[in-house]
Amino acid sequence: MKSSLMKRIIVLLVSVSFFSTYSLPAWSGIVTTDQLLQQQLEVLNKSSLVAMLDRDDVRQQLVERGVDPEYAKARIAALSDAQIEQLKDSIDTLPAGSGVVGILVAVLLVLIILDIVGVTNIFSFIHSPSK
Amino acid sequence: MMAVVMRRACLAGTLCATLLVAACAPYQAQETNPSLPVEPFRELAETPFFPQDKYQCGPASLAMVLNAAGAGVSPQQLQPLVYLPGNKGSLQAEMLAAASHYGYLAVPVPATLDSLLQELSDGRPVLVLQNLGVAALPLWHYAVVIGYDLEQRIFYLRSGRDRRKVYSFGRFLKTWSRAGNWAMVVVEPGEVPLSATATAYLQAATALERQHNPAAALRAYAAATRRWPDQPLLWAAAGNAAYALERFADAEAAYREALSLQPGAAAIMNNLALALAAQGCTPTALAVLDCAIRHAPANTVLKNTLIEINMLTKGAGNCRDFACTLPDTGTRP
């Protein structure tokens, strides 16, 4: 937790120094469509920094979950700030569609568990406590 | 799938009658009658089919709708873009984002039966998320709805390893509603799905900008402004895409259209000022910026733009004047 906070602070400092010395490219000033959508004009400078940190967070989460680092970059670049925000804190609780192939055992397990706790009554060899 | 397992279990089990009442009871009445005019029967039989590998319903379903829209892409190519090995599945946000890698738009479909039928009736297969389990123990599954029959009350799906899975209305709608009625369609930039809302379409098209594909984004925004001409944000988005293509006169025209619909929008004035400055119209650009600063005096973006424009070589280009709509000072502190 502490090291993660330190890391964030360091990244923040590096970003700030980067921005303060970086000479603005010709069309730096355009308010992007993403930003227009979020009506962020009032807090634009602050948000873009935080958004950058969040992107890096989610990229690391993808890599930790087995995504190739190069693809992780491309995947992060494709997501909107709002999508990044959504993934940041709930990547493991959001639905991850996987399908029925290879999961049949899991279906059976679910049914067996439901049977054991007495929600369903499918398998005659299971005697739930409620019976 | 669960019902099949249950039915088999029923045959083997000893408490079949009880089970049928408890678990296989008729589904509760749901809104299953369309209120919009759609074809009574539709099956998009030409939709390609990719049988899924283990945990790969995401890449397989996405490949089906992308190919149906015209992109030549295989599930294997999509796997590194949407599959999350640690979670053994694909997330909805990434399913929406991945089409942009191929220059296509993934547009969310409103969570209603009407919208689902409308898209199918209009010829677009619909990628859906289903929960084949129960709320407490979900089994998330992506599949592609390719048709329906209103009289027989059935849906046709490309699902898992089934090329043509037939679902009753009730059973499909139950698995779909347990997944929040989530659905999306894939279209070429320039095509606007019938069921789309302006905001959902705009969000979908911004994905093309993030892929540094402003030409495709501009086609999408231009089509959107024809469909929803009174939405200032769509005009501003079209302006931004034109600006990125260095088509500054087109950008200017689009920003002006946006401002005619939303006169006080400082962010759009900021962009208009830059489009004017890029054409050498420094005096007009400064007038626009002055107007923007009156609307949002504390804004740092506007101040930076002012510095930037002042640094550019001043021009006296022949541009249309800009009439500033002053903020209503009576309501401001």
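This report describes a predicted model, taking its chains in turn and then some helices of chain B.

## The two chains

Chain A has 131 residues, and 28% of them count as buried. Its secondary structure consists of 6 helices and 1 strand. Read from the N terminus, the order of these elements is α-α-α-α-α-β-α. For contacts in chain A between residues at least 6 apart in sequence, 42% link residues at least 24 apart.

Chain B has 333 residues, of which 47% count as buried. It holds 14 helices and 9 strands. Of the contacts in chain B between residues at least 6 apart in sequence, 59% link residues at least 24 apart.

## Domains of chain B

The domain assignment divides chain B into domain 1, residues 22-187, and domain 2, residues 212-326. Between the C-alpha centres of these two domains the distance is 40 Å.

Helix H6 of chain B covers residues 113-121. Because 8 of its 9 residues are buried, H6(B) is largely enclosed by the rest of the structure. The buried residues are Leu113(B), Ser115(B), Leu116(B), Leu117(B), Gln118(B), Glu119(B), Leu120(B) and Ser121(B).

These buried residues pack against several elements of chain B: strand E1 (41-43), strand E5 (126-131), strand E6 (140-149), helix H7 and strand E9 (183-187). Just after H6(B) comes Gly123(B), which has a positive phi of about 100 degrees.

## Leu173 in helix H7

Helix H7 of chain B spans residues 169-177 and contains Leu173(B). With 19 other C-beta atoms within 10 Å, Leu173(B) is partly exposed; a residue counts as buried if there are 20 or more.

## Helices H10 and H12

Helix H10 (residues 232-244) and helix H12 (residues 266-278), both of chain B, pack at an angle of about 30 degrees, and their axes are 11 Å apart. That angle makes H10(B) roughly parallel to H12(B), since angles under 35 degrees are counted in this way. The crossing of the two helices is left-handed.

On the H10(B) side, the contact involves Ala236(B), Gly239(B), Asn240(B) and Tyr243(B). These meet Ile268(B), Asn271(B) and Ala275(B) of H12(B). By class, the residues of the contact of H10(B) with H12(B) are 4 nonpolar and 3 polar, with no charged residue.

## Helices H11 and H12

H12(B) also packs with helix H11 (residues 248-261) of chain B, at an angle of about 155 degrees and with the axes 9 Å apart. H11(B) and H12(B) are therefore roughly antiparallel to each other, as angles over 145 degrees are counted. The crossing of H11(B) with H12(B) is left-handed.

From H11(B), the contact draws on Phe248(B), Ala251(B), Glu252(B), Tyr255(B), Arg256(B), Ala258(B) and Leu259(B). H12(B) contributes Ile268(B), Met269(B), Asn271(B), Leu272(B), Ala275(B), Leu276(B) and Ala278(B). The residues of the contact of H11(B) with H12(B) comprise 11 nonpolar, 1 polar and 2 charged.

Key
Residues numbered from 1 in each chain as written. Chains lettered and ligands numbered in written order. Predicted model: local features only at pLDDT ≥ 70, side-chain atom pairs only at ≥ 80, totals over all residues. Axes fitted to C-alpha atoms, helices over the stretch in contact; angles between N-to-C directions. Helix = DSSP H or I, 4+ residues; strand = E, 2+ residues; numbered from the N terminus. Parallel < 35°, antiparallel > 145°, perpendicular 65-115°, else oblique. Left-handed = near helix turned anticlockwise from the far one by under 90°. Contact = placed C-beta atoms within 7 Å. Nonpolar A, V, L, I, M, F, W, Y, C, P; charged D, E, K, R; others polar. Buried ≥ 20, exposed ≤ 12 C-beta atoms within 10 Å, placed from the backbone. Domains from an automatic or database assignment.
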